[in-house]
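This report looks at charged side-chain pairs and at the contact between domains. Please keep the sequence and the model in view while reading.

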Amino acid sequence: MINLISDTVTKPTPGMLDAMMHAEVGDDVFKHDPTVNALEAKLAKLFGKEAALFFPSGTMANQTAIKIHTQPGEQLICDKWAHIFNYEGGGASFNSGVSCRLVDGNRGMMTAEQVEAVINPPDFYHSPLTTLVEVENTTNRGGGACWDFEELVKIKAVCEKHGLAYHLDGARLWNAMVETAATPKDYGRLFDTISICLSKGLGAPVGSVLVGTKKHMQKALRIRKVFGGGMRQAGFLAAAGIYAIDHQWERLKEDHRKAKELGGALSKLSQVDFVEEVETNIVIFQLRPNEDIAGFMQLLQENKILISNMGQGKLRMVTHLDYTDAMHQQVMEVLGNI
Ligand SMILES: *Cc1c(COP(=O)(O)O)cnc(C)c1O
């Protein structure tokens, strides 16, 4: 099977497994795991932040960030397609007791004007107090779109003006960083906290890292404990993350090239209504209104190709480390023959 459902379906490469097998480990709950400590130090340094904390998942890292920056009853601002709102099980309300003020952005991205327009006046005590702005780069539901860095800077200015915290869900920030000029330190300067996944395009089996100030990470350590995310000899997993950053980051460009080619092939099909612009490794497309979505997916599956249905008529393909050149050639041939 050629699995294009997500970039989370990858398995550790031989080099990564080797790094994991040879990891020096300790009990990370006591902060005694040298490999976890090394991963955290590496990411704090990369983003120019004081500290970092390793998490079992991106969801837990994001949820911890929300908890750090808010109090129950408050409100955060995010795009209507945000992962924290749509795909984290209602965690913002469950864990932090906050509501989400949704902005009707473009492909998961808001403008600074839109953000400023939905901030509740702090002295109007009838409405929830706005305390946090959250953005996602690249956008997941937005089809891997990359933010214009200048817009992120403008939103930062809005946050500063109104005293709001600013969190980046950087699950696929690695993908954005190989396509655009902004560096990790540029992002580090802008955001109070950033969550970064190791288990998406980078190909590690498990893990995300949250970066921020020392004070934020001290809070995060306690919250992670409360969420049940303290892990013991986690260095085996952290070793995979270190290996992934050192050896499997630059190659994301390969995934992006293949995704663009898939987008091109799909746009030529008579069944396809439109393909959203492909900027990174996610291809989102829609069939014409009279087309049978289940039938189209079945046809691909008969050709050993798995893709996902995002609902509302949208289908998704995601390229990744385990999607080889040979598989790509095969998929391009199948699409060419539909
Ligand atoms: C995958 C993803 C996450 C985190 O997901 P986990 O499966 O919990 O690691 C967060 N945000 C976005 C945008 C994602 O795509």
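The structure holds 18 salt bridges, a salt bridge being a side-chain nitrogen of Lys or Arg within 4 Å of a carboxyl oxygen of Asp or Glu. The model is a predicted one, in which local features need pLDDT of at least 70 and side-chain atom pairs count only at pLDDT 80 or more, while totals for chains, interfaces and linings use all residues. Residues are numbered from 1 along each chain as its sequence is written, and side-chain values use heavy atoms, with hydrogens and water left out.

Among these salt bridges are the following pairs.

| Salt bridge | Closest N to O distance |
|---|---|
| Lys80 and Asp104 | 2.7 Å |
| Arg189 and Asp186 | 2.6 Å |
| Arg107 and Glu279 | 3.1 Å |

Lys80 and Asp104 form a salt bridge; Lys80 lies in the loop between β3 (75–79) and α4 (83–86) and Asp104 in the loop between β4 (99–103) and α6 (112–117), so the pair ties together parts that are 24 residues apart in sequence. Helices (H or I, at least four residues) and strands (E, at least two) are DSSP runs, numbered from the N terminus. Lys80 is partly exposed at 26% relative accessibility, whereas Asp104 is exposed at 55%, where buried means under 20% relative accessible area, exposed over 50%, and partly exposed in between (1.4 Å probe, protein chains only).

Arg189 and Asp186, by contrast, both lie in helix α9 (residues 184–190), three residues apart, about one turn of the helix. Arg189 is exposed, at 60% relative accessibility, and Asp186 is partly exposed, at 22%.

The chain is divided into domain 1 (14–247) and domain 2 (251–337), with bounds that come from an automatic or database domain assignment. The contact, meaning heavy atoms within 4.5 Å, takes 20 residues from domain 1 and 18 residues from domain 2. Between the centres of the two domains, taken over C-alpha atoms, there are 28 Å. The rule finds two salt bridges across the interface of domain 1 and domain 2.

His216, finally, is placed in helix α10 (residues 214–226) and is buried, with a relative accessible area of 18%. Leaving aside residues up to four places away in sequence, His216 touches Ile68, His69, Asp192 and Thr193.
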